[in-house]
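Colleague: Could you take me through the core and the charged pairs of this structure?
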Amino acid sequence: MDKMLSLIVPVYNEEEVLQVSFEKMDAEMKKIGYPYEIIYVNDGSRDSSMSILRRIAKDNPQVKVRSFSRNFGHQLAVTCGMDAAKGDALIIIDVDLQDPPEVIEDMVKAWENGADIAYGKRLKRKGETIFKKFTAFCYYRLLKAMSANAIPLDTGDFRLIDRKVADVFLKMREHNRFLRGMSGWMGFEAVPVEYVRNERYAGKTKYTLKKMLKLAMDGIIGFSDRPLTLCTGFGAATLAIAGLGLVALIVLACCAAHFPAWLWAIDGVVALQAMTFLFLGIQGSYMNRMYDELKARPLYIVAEDLNLE
């Protein structure tokens with residue numbers, strides 16, 4: 001086969017699982033049958049992960065290792081792996097074996113059938129706390145509601161992407177990255193591959209609450225302008241209420257009804273506050289346009305060319 005697969009695996013303090021994880025992933029890649037490379041990105045690990053990676057790379061020429069000078073974060077580690085990948089399809093998977101390597105074969109089959117992106121969709125999450133499951137459930141639905149682009153529910157970064165998708169990724173160089181949102185923004189054909197997520201094989205999760213909150217904010221802020229423009233809707237609604245209040249006061253005054261004079265002042269304050277929110281929303285719209293330009297994403301994407309040399 002002349003096509004090649006690149007498996008990208010970010011690593012951060014994973015000494016307890018690294019060797020077993022490599023053996024399982026390498027066996028799965030061999031079974032699929034394509035030429036392949038496994039790219040490990042050491043994200044500033046402070047344990048013996050790098051020593052283990054040196055040993056694995058020494059004994060296995062298909063293994064490549066890139067090591068950061070410090071911890072830059074999961075999303076940048078994946079990006080670094082994509083920059084180095086030579087494959088016709090790139091597979092992103094975490095080292096902890098929660099995402100089963102056996103699912104990679106199903107992703108490759110979807111790719112062979114024409115899918116540009118095959119993403120893992122979790123049917124069940126084993127070994128996670130009720131709090132983690134609940135917050136993940138709420139977050140994905142909030143993100144879907146607020147995002148202008150389709151981001152599938154209950155998915156992570158475990159996915160296969162075609163080379164043309166990876167090439168577009170490499171043009172998008174924003175620092176605060178949210179890879180699954182970037183995939184949705186592109187609009188390429190994406191198909192789900194359903195699976196049950198396992199418990200972590202060993203060690204503890206490296207995604208602290210702080211890191212999860214940052215990723216959540218990157219997803220919402222990076223792929224939705226609604227936080228900037230919420231003021232517009234709130235201001236319009238408040239202004240409408242103030243207008244109805246003014247009409248009611250005028251009617252009462254015309255009917256010679258007695259009411260406190262300070263109601264006029266209250267209605268005026270509400271109207272002024274509504275105008276403030278409206279102008280904040282307009283400012284937010286301009287800020288959103290500037291933000292889109294600063295991200296320097298491509299203006300459009302060509303999914304296919306015919307007879308173009």
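This is a predicted model: local features need pLDDT of at least 70, side-chain atom pairs count only at pLDDT 80 or more; totals for chains, interfaces and linings use all residues.

Colleague: Which residues have the most contacts inside the largest nonpolar core?

Modeller: They are L5, L7, Y40 and I104, in a core of 36 residues. Helix α4 (103-112) is among the elements that supply at least two of its residues, and α4 gives the largest share, six residues.

Colleague: What is L7 in contact with, leaving aside its neighbours within four places in sequence?

Modeller: L7 is in contact with M25, M29, E37, I38, I39, I91, I93 and I104. Apart from this core lies another, of 23 residues, including A77, A84, L90 and M186.

Colleague: On to salt bridges: how many are found in the whole structure?

Modeller: The search finds eight. In one of them, E37 pairs with K64, and the closest N and O atoms are 2.7 Å apart. This pair links distant parts of the chain, with E37 in strand β2 and K64 in strand β3, 27 residues apart.

Colleague: Is E37 buried or exposed?

Modeller: E37 counts as buried, at 1% relative accessibility, whereas K64 is partly exposed at 36%.

Colleague: And which residue forms a salt bridge with D116?

Modeller: That is K164, with the closest N and O atoms 3.3 Å apart. Because K164 lies in helix α6 and D116 in the loop between α4 and β5, the pair ties together parts that are 48 residues apart in sequence.

Terms used. Residues are numbered from 1 along each chain as its sequence is written. Side-chain values use heavy atoms; hydrogens and water are left out. A nonpolar core is a set of buried Ala, Val, Leu, Ile, Met, Phe, Trp, Tyr and Cys residues joined through side-chain atoms within 4.5 Å. Buried means under 20% relative accessible area, exposed over 50%, partly exposed in between (1.4 Å probe, protein chains only). Helices (H or I, at least four residues) and strands (E, at least two) are DSSP runs, numbered from the N terminus. Contact means heavy atoms within 4.5 Å. A salt bridge is a side-chain nitrogen of Lys or Arg within 4 Å of a carboxyl oxygen of Asp or Glu.
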